[in-house]
Amino acid sequence: MSHYVIEADGGSRGNPGPAGYGAVVKDAASGQVLAEAAEAIGVTTNNVAEYRGLIAGLQAVLRVGGEGAAVAVRMDSKLVVEQMAGRWKIKNEGLRPLASEAGALVRRLRVTEWTWIPRERNKHADRLANEAMDAAAQGLRWKAGGTSDSGEPIPAPSPEQTDLLDVSGISAPARGSSDLSAPTASVAAAQQRTSPDRGTGTGWRPPTRIATSLLLLRHGETELSLERRFSGLGDPELTPNGLSQAEAAAVRLSREPYRPDVIVSSPLKRARQTAAAVAARTGLDVEVDDELREADFGEWEGHTFTEVQRRWPAELTAWLADPEAAPPGGESFAAAARRVQGAGERLVERYEGKTVLAVSHVTPIKMLLRLALMAPLESLYRMHLDLACLSLIEYYADGPAVVKSFNDTAHLR
């Protein structure tokens, strides 16, 4: 009997973001490529794309080798390999339907191994996934051989994917209800309770629409913000007005439908003081996440824009034009983006289905918002966030993120 090898990969540009997968089937003895598969799959997460790559590879082996074919599966996704091998539990409900679909295909084959391999050994599948995403970005469809076909337009995402919260006909939750606390998460819960086909799901989509809500609160006023000075890793305290702003936000956040389940703060004093005001009103503890700190402005710390323009004109021009450029001795926006993206992903995974209040600064909040919008780094220069403002992002188990509120200062009026 012939033996085969599947190498599969998937990825998203934003996580969640535009995503695609790639899979290749090889002869185990000769290494000859027998089949390739790749597809752009819209906006979703890395893990969803990786599972879709595995499923495509298993389907390809069945076409090539038939029922009962012996196959070794190799991927650079530790999560997918360990979950399919039964060594790790599947905690993300959004991945269960995908794992079930893959499992049904596995039972028709004879899988001899589940092996994690480094990314550099999975270049073929990775290339296919990127080819599919590149083609989709041009409105084309990937074809085997690395070419694209424009003969058939790529369908737009269905309304079910893009309009995740249709609130028509849904009444507000009963007073005192504690199912979920974010306003639109409560709507999602109501949809789940009233939907006639709840619990069935379609395809790989999970049957639940409950969101993980990330409330983003910028800290209150400090002397540096009052004087419009660069304020990064310096540690000024809130002014009396800043404390009042924090208290106003706390009053709002202590009431339904905003009341958070978790409070996480930057380690910097101005954010921790703001978070403490909310904690005092809600009775919650404050967790500190170092990755939510402001960007490091290096030698510009404490200077006004005009002062920086006079002393570092070339460096400032570069910084304003290129997110990869850093202030002297400081951190670039690109570096901050990588740091903050990891923090956001951890929070969403750790507190799935809950409402998380993250108290932070201009740069991290803008980073999380632009990631949710799949906007380029340059979009940071086109956003404005007021002191003590609130923004809201909702994340769903199947990948999409939805910005529901931006720079909301109603509590300060």
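View 1. Contact here means heavy atoms within 4.5 Å. Axes are lines fitted to C-alpha atoms, for helices over the stretch in contact, with angles running from 0 to 180 degrees between N-to-C directions. Helices (H or I, at least four residues) and strands (E, at least two) are DSSP runs, numbered from the N terminus. A word on the model: it is predicted, so local features need pLDDT of at least 70 and side-chain atom pairs count only at pLDDT 80 or more, while totals for chains, interfaces and linings use all residues. Residues are numbered from 1 along each chain as its sequence is written, and side-chain values use heavy atoms, with hydrogens and water left out.

View 2. Two strands count as paired if DSSP finds at least two bridges between them. Strand β8 (residues 212-218) and strand β12 (residues 390-395) run antiparallel, joined by six bridges; across that pairing, L216 stands opposite S391 of β12.

**View 3. Zooming in on β9.** Here's a strand with parallel partners: β9 pairs with strand β11 (residues 355-360) over four bridges in the parallel sense, and with strand β10 (residues 286-288) over three bridges, again parallel. V264 is a handy landmark, with A358 as its bridge partner in β11 and E287 opposite it in β10. Along β9 (residues 262-265), V262 and V264 point one way while I263 and S265 point the other, and all are buried (under 20% relative accessible area, 1.4 Å probe, protein chains only).

**View 4. α8 meets α9.** These two helices pack at an angle of about 40°, their axes 8 Å apart, and the crossing is right-handed (the near helix is turned clockwise from the far one by less than a right angle). From α8 come L243, A246, E247, A250, V251 and L253; from α9, Q273, T274, A277, V278, R281 and T282. Sorted by class, that contact has seven nonpolar, three polar and two charged residues. Ala, Val, Leu, Ile, Met, Phe, Trp, Tyr, Cys and Pro count as nonpolar, Asp, Glu, Lys and Arg as charged, and the others, Gly among them, as polar.

View 5. Five strands make an open sheet in the order β3-β2-β1-β4-β5, with mixed pairing. Its edge strands are β3 (33-44) and β5 (110-116), each pairing on one side only. Strand β1 (residues 3-12) and strand β4 (residues 70-75) run parallel, with six bridges between them; I6 has V73 as its bridge partner in β4. Over this sheet, α1 lies across β1, β2 (17-27), β3, β4 and β5, at about 155° to β1.

**View 6. α1 alongside α3.** The axes of helix α1 (residues 46-65) and helix α3 (residues 96-106) come within 10 Å and cross at roughly 20°. That makes α1 roughly parallel to α3 (angles under 35 degrees count as such). On the α1 side, V48, Y51, R52, L54, I55, L58, Q59 and L62 meet L98, A99, E101, A102, L105 and V106 of α3. The contact comprises 11 nonpolar, one polar and two charged residues.

Notes
Parallel < 35°, antiparallel > 145°, perpendicular 65-115°, else oblique. Buried < 20%, exposed > 50% of the residue type's maximum accessible area, 1.4 Å probe, protein only.
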